[in-house]
Structure formats: C-alpha cells, structure tokens
Amino acid sequence: MKECIAMLLAGGQGSRLYALTKKLAKPAVPFGGKYRIIDFPLSNCVNSGIDTVGVLTQYQPLLLNEYIGNGQPWDLDRQYGGVHVLPPYQTATGSDWYKGTANAIYQNINFIERYDPEYVIILSGDHIYKMDYSKMLEFHKEKQADCSIAVMEVPWEEASRFGIMTADENSTITKFEEKPKQPQSNLASMGIYIFTWEKLRKYLTEDEADPNSSNDFGKNIIPNMLNAGEKMVAYPFEGYWKDVGTIDSLWEANMDLLDPNVPLDVWESDWKIYSRTSGRPGHYISEHAHVDNSMLTEGCLVEGTVCNSILFAGVSVGRGAMVESSILMPGAVVEEGAEVYYSIIAENVTVKKGAVVGARPETVEDKSKWGVAVVGEGRTIGAGAKVGPKAMLEKDVQDGEQLW
C-alpha cells in the first residue's frame, strides 16, 4: 500500500504554443537550458517523497515516452512503484481517447487501485514551479478534507483567466467559479489537487455515468463535490509558479531564470530539478565572443554576442552574430552575422548568414505588432532573410525573403 500516489496529466496538445508543439507534447517542450517542462512536477514528486507516479499521455507521446524512460534520472526506477507512462488503451468494452482530465483519471482507476492509496495527488505537466507536496498532504490530513486545492493570489485584473476559489478563515472553500467575468476573489487554482481516494473514485464514477458531463476536474468534479457539501479546503502557496501554456508565458518563465529578483532557483542543492541531460562536452566561448546575463548549456559554441538569453545543449552562435533576450533550443545554429531578438528558436533550426529574426520592442513602430517570434523545429531561415516579431514559422524561409 502507498499512502499517496501522483497522477500527472501530460496529454494536452498545447495548441497555444503553435510551432513548438507541432511534433511533441507540451510537457516535453525544452525549458531553461537543460530541462523539459515535465522535469519540474517529476522532481517535485521525488523531492516530496512520492515514489509512484502515473504519467497520462495522449498527444504526440513518442518523445515524451522516450524521455521519461524508466524514470532513473528522477530516482523513479522503482521495483514497486516508480514512474509509469499511461496512454489510452483498448479494453473489453472498447477503447476511447481521454475525453477530459477527469476521464483520463477514470480510465486509470485500475492502475491506482494496484497501490491501494489513501490519497491521490493530481498534477499538470505544463507548470514551472517548486513545491513540497508532503506539506500540502499534511495540510489535507489536518483539515480532514476530502479535497485540497493549491491556490495562490493573482492580480485582480488577471483573476478572470483562472478557476477562482472563495475560502473562509478556516481555509474551507465556499465557492468556486471557472474563469469568472467578475471574480469575487483572487485565489486562483493552480491545478494541483489532493483527494482522499475513496471520495475521488466515487465522483469519477458518477461523472463518467453522466452523458452531459465534460469529464473535467474544473468544470465537473470540483463543482459537484462542492455542491454535495464535501469538505474542500484551499492550500495557500507563496512560491514561484507559472503556467507555460502560451508563447509569452514560456518566454517569460525562461527569462525569469535570468532575473535575480525572481524566486526560481534551479541551482538549489536541497531541492534539485532532475533531468535527462545530453552528456555533451562543456561549452566554449571564443576570444571574439561577448556573453552577458545568460545561461549556456553543455556543448555550446559561442563566437558572437549573447545577451539575456538561454542556450540549450549544442547551440552554435557564429562570429559577429547577435542573440538577445531569446531562447535557443538544442542544436540551433545562428550563423555568422545573423541576428536573433526576442525569439524562441526550436530544436535544430538554422539561421543563415545575415538573417534577422525578431526585433527589439523599441524598433517596432506599432507596439501592438511587437511580440515573441517563434521558429519551429528543424526549419531554416535563409541568408539575408528578415522575420519580424510575432512570427510563427512552420516552414523554411528562403534567402532574402522578408516576413515582417
């Protein structure tokens, strides 16, 4: 018997990341120089003492399955427990894709019951944060709750983007609204839930039997439990947390790693973020290079200028090239004299000589047209080509072509 196991929802398409998730699941998107997004919840689990994790995959699962492997980098290669990839599968009564977050858990009730847990924690695979789930579990037990929901205060002007909780002085949730137009609270759900398994199993079964249900935690399970008078509490979280489901939020979260005033420390030795690294040789910075306030991972070759940027493994920046406020994912090449500003360059992209991708905000006359440029995996930006801000490229750009 396991006291608590984790179920990690990692099957989303991530359509708001456009070209970056064309060929891979959102939790597999590279982050922070050497990580992928899923490294954070997996590392949180093992650091919190949770050694049994089910990872529910669906959209473009190949790379994610390969990356997780047997779970060894996160110390989750256990003989009893460990990490398990759980795609949809065929049963005697037929087969179906995961129809929603609640249905995904429902389809894996047999997996959960193998470990006979008292509690189940539900996690999302697209958030960047550090959190000790064991403290949240203690809170859940102290409050004798049926469901605990991690919440954090958000600016009032952003509250309508989240599921919003209203809680009393004892942390008991009295009201829940999914993305309300006129929020009455700024306590936002972080999409992290701890359930007493006996209760969750009951509501999952009832929800599955409802033909009108969306089979979703936020739209169905949470409101149904609240309406039935179950004990539901809000667990306050005060650390760094960001949903990286959009281009802007993914870019911002990477840039936060370079800001000393942001409390996201991936170098912290007592709460390490584990990953499956590439094992390349150390990075090289030539005598012609200039690097300022940036993160460079193993195997990088820098002969140009890199400012306020994150370079993943094997990135090359040629002599006279300029990279500023950008994220260059594994194997990206910026050739001699090329310029990259405020951009996310996906894996194995080549920016040819003299090409320009993105722009500084001050160089864009119409500020509404400024934004992060994105180049999809394996694409080539031809010599002398110019690609403006907000571009979402999923095709090659020819020499000298202008996309502004």
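Leaving aside neighbours within four places in sequence, Val357 is in contact (heavy atoms within 4.5 Å) with Glu339, Val340, Tyr341, Ser343, Ile345, Val351, Ala373, Val375, Ile381 and Val387. The structure is a predicted model, in which local features need pLDDT of at least 70 and side-chain atom pairs count only at pLDDT 80 or more, while totals for chains, interfaces and linings use all residues. Residues are numbered from 1 along each chain as its sequence is written, and side-chain values use heavy atoms, with hydrogens and water left out.

Val357 is also listed among the residues with the most contacts inside the largest nonpolar core, together with Leu250, Leu311, Val317, Leu328, Ile344 and Ile381; this core has 64 residues. A nonpolar core is here a set of buried Ala, Val, Leu, Ile, Met, Phe, Trp, Tyr and Cys residues joined through side-chain atoms within 4.5 Å, where buried means under 20% relative accessible area, exposed over 50% and partly exposed in between, for a 1.4 Å probe and protein chains only. Helix H8 (residues 247-256) gives the most to this core, contributing five residues; helices (H or I, at least four residues) and strands (E, at least two) are DSSP runs numbered from the N terminus. A second, separate core of 43 residues includes Leu76, Met131, Ala150 and Phe237.

Seven strands form an open sheet with parallel pairing, in the order E15-E18-E21-E24-E27-E30-E32, two strands being paired if DSSP finds at least two bridges between them. Strand E15 (290-292) and strand E32 (402-403) each have a single partner strand and stand at the edges, so one side of each is left without a neighbour in the sheet. Within this arrangement, strand E21 (residues 322-324) pairs with strand E24 (residues 339-341) in the parallel sense over three bridges, and Val323 stands opposite Val340 in E24.

A search of the whole structure finds 17 salt bridges, each defined as a side-chain nitrogen of Lys or Arg within 4 Å of a carboxyl oxygen of Asp or Glu. One of them joins Glu347 to Arg36, with the closest N and O atoms 3.6 Å apart. Glu347 lies in the loop between strand E25 (343-345) and strand E26 (350-351) and Arg36 in strand E3 (residues 35-36), so the pair ties together parts that are 311 residues apart in sequence; both Glu347 and Arg36 are buried. Lys199 and Glu230 likewise meet through their side chains in a salt bridge (3.0 Å, N to O). Here Lys199 is partly exposed, with a relative accessible area of 25%, whereas Glu230, at 14% relative accessibility, counts as buried. Lys2, Asp51, Asp75 and Arg78 are linked in a network of salt bridges.

For "binding site", an unreviewed UniProt entry lists Tyr98, Gly163, Glu178, Lys179 and Ser189; UniProt positions are given in the numbering used here, feature names are shortened, and annotations may be inferred rather than shown by experiment. These residues are spread over 92 residues of sequence and also in space, up to 22.9 Å between C-alpha atoms. Tyr98 is found in the loop between strand E5 (82-86) and helix H3 (101-106) and is buried, with a relative accessible area of 11%. The side chain of Tyr98 reaches the backbone oxygen of Leu86 at 2.7 Å. Ser189, found in strand E11 (residues 187-196), counts as buried at 11% relative accessibility, and, not counting residues up to four places away in sequence, Ser189 touches Ile149, Ala150, Val151, Phe162, Gly163 and Met165.

Note on methods
A polar contact is a pair of N or O atoms within 3.5 Å; within protein, one must be able to donate a hydrogen and the other to accept it, and residues adjacent in sequence count only if both atoms are side-chain atoms.
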